[in-house]
Amino acid sequence: MSEILAVGIGVGLAAAAGVRAYIPVLVVGVFALIGTLALHRPFGVLDGGVALGALVVLALLEVGLDKAGRVSRVLDYVQFPVRMAAGAVLFAVALGVGVGQAAVPELVAGGVIAGIVAALKMVLRPVGGGTGVSAGFLSLCEDLTGLIGGVVSVFVPYIALALVAFLLFFYYRVKRRRERKYRGLRILGD
């Protein structure tokens, strides 16, 4: 039973890392610092002061850059491998494995989960302007999904996955609404 809960925590954290790379890692570091979550080697450095400070700076940088219109698309492409790596690390942390040949399946599974979420986010997120929803609001939704998903997944496994799925569904609906809105405006044929 505890293995199922650990997998649920890992899936939730990896999915949240697919949305925001540094916020879920920061949440895990804070939980490890206060003793809620145990970190095994070599991930024990995440609860150190220097690591937490660096994660705060990186999280603020990622959040801030995502709010800047055109930079957010470039950031998604640049952050894609980082989000996969964060998902891999968080999945391995949740299952309590270290790094080595024995941890390869956990690392791959976490990276794949985060990669799928990150890819879907890049495809489904509407481009700002003309969608009826501001880019800042969409970015705030991602920030909250990363933060709440990271916190909730530690206590209630699999709920973070539902939160991420709702965010992706919201993006799909906004994008589809925009396409439907402008479909009738094409009065000149090809």
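Tutor: In H2, the buried residues are Tyr-22, Ile-23, Pro-24, Val-25, Leu-26, Val-27, Val-28, Gly-29, Phe-31 and Ala-32. Buried means under 20% relative accessible area, exposed over 50%, and partly exposed in between, with a 1.4 Å probe and protein chains only. This is a predicted model, in which local features need pLDDT of at least 70 and side-chain atom pairs count only at pLDDT 80 or more, while totals for chains, interfaces and linings use all residues. Residues are numbered from 1 along each chain as its sequence is written, and side-chain values use heavy atoms, with hydrogens and water left out.

Student: How is a helix such as H2 defined, and how many residues does H2 have?

Tutor: Helices (H or I, at least four residues) and strands (E, at least two) are DSSP runs, numbered from the N terminus. The expected span of a helix is 1.5 Å times one less than its number of residues. H2 has 13 residues and reaches 19 Å from its first C-alpha to its last, close to the expected 18 Å. After H2 comes Gly-35, with a positive phi near 95°.

Student: Is H2 mostly covered or mostly exposed, and what covers its buried residues?

Tutor: H2 is mostly covered, with ten of its 13 residues buried. Contact means heavy atoms within 4.5 Å. The elements that cover the buried residues of H2 include H1, H3, H4 and H6.

Student: What is a salt bridge, and how many does the structure hold?

Tutor: Side chains of opposite charge can pair when their charged atoms come close. A salt bridge is a side-chain nitrogen of Lys or Arg within 4 Å of a carboxyl oxygen of Asp or Glu. The structure holds eight salt bridges.

Student: Which residues form salt bridges with Asp-143?

Tutor: Arg-20 forms one with Asp-143, their closest N and O atoms being 2.7 Å apart. This pair links distant parts of the chain: Arg-20 is in the loop between helix H1 (2-19) and helix H2 (22-34), and Asp-143 is in helix H6 (residues 135-155), 123 residues apart. Both Arg-20 and Asp-143 are buried. Lys-67 also forms a salt bridge with Asp-143, with the closest N and O atoms 2.4 Å apart. Lys-67 lies in the loop between helix H3 (49-66) and helix H4 (71-95) and Asp-143 in helix H6, so the pair ties together parts that are 76 residues apart in sequence. Lys-67 counts as partly exposed because its relative accessibility is 34%, whereas Asp-143 has 9% and counts as buried.

Student: Which residues belong to the network of salt bridges?

Tutor: The network links Arg-20, Glu-62, Asp-66, Lys-67, Asp-76, Arg-83, Lys-121, Glu-142 and Asp-143. Among its residues, Lys-121 and Asp-76 meet in a salt bridge of 2.9 Å, N to O. Lys-121 lies in helix H5 (residues 104-124) and Asp-76 in helix H4, so this pair ties together parts 45 residues apart in sequence.

Student: What makes an aromatic pair, and how many are there?

Tutor: Rings of Phe, Tyr and Trp (its six-membered ring) pair if their centres lie within 6.5 Å; planes under 30 degrees apart count as stacked, over 60 as edge-to-face and the rest as tilted. The structure holds three aromatic pairs. One of them, Phe-31 with Phe-155, is edge-to-face, at 5.3 Å centre to centre and 80° between the planes. Phe-31 lies in helix H2 and Phe-155 in helix H6, so the pair ties together parts 124 residues apart in sequence.
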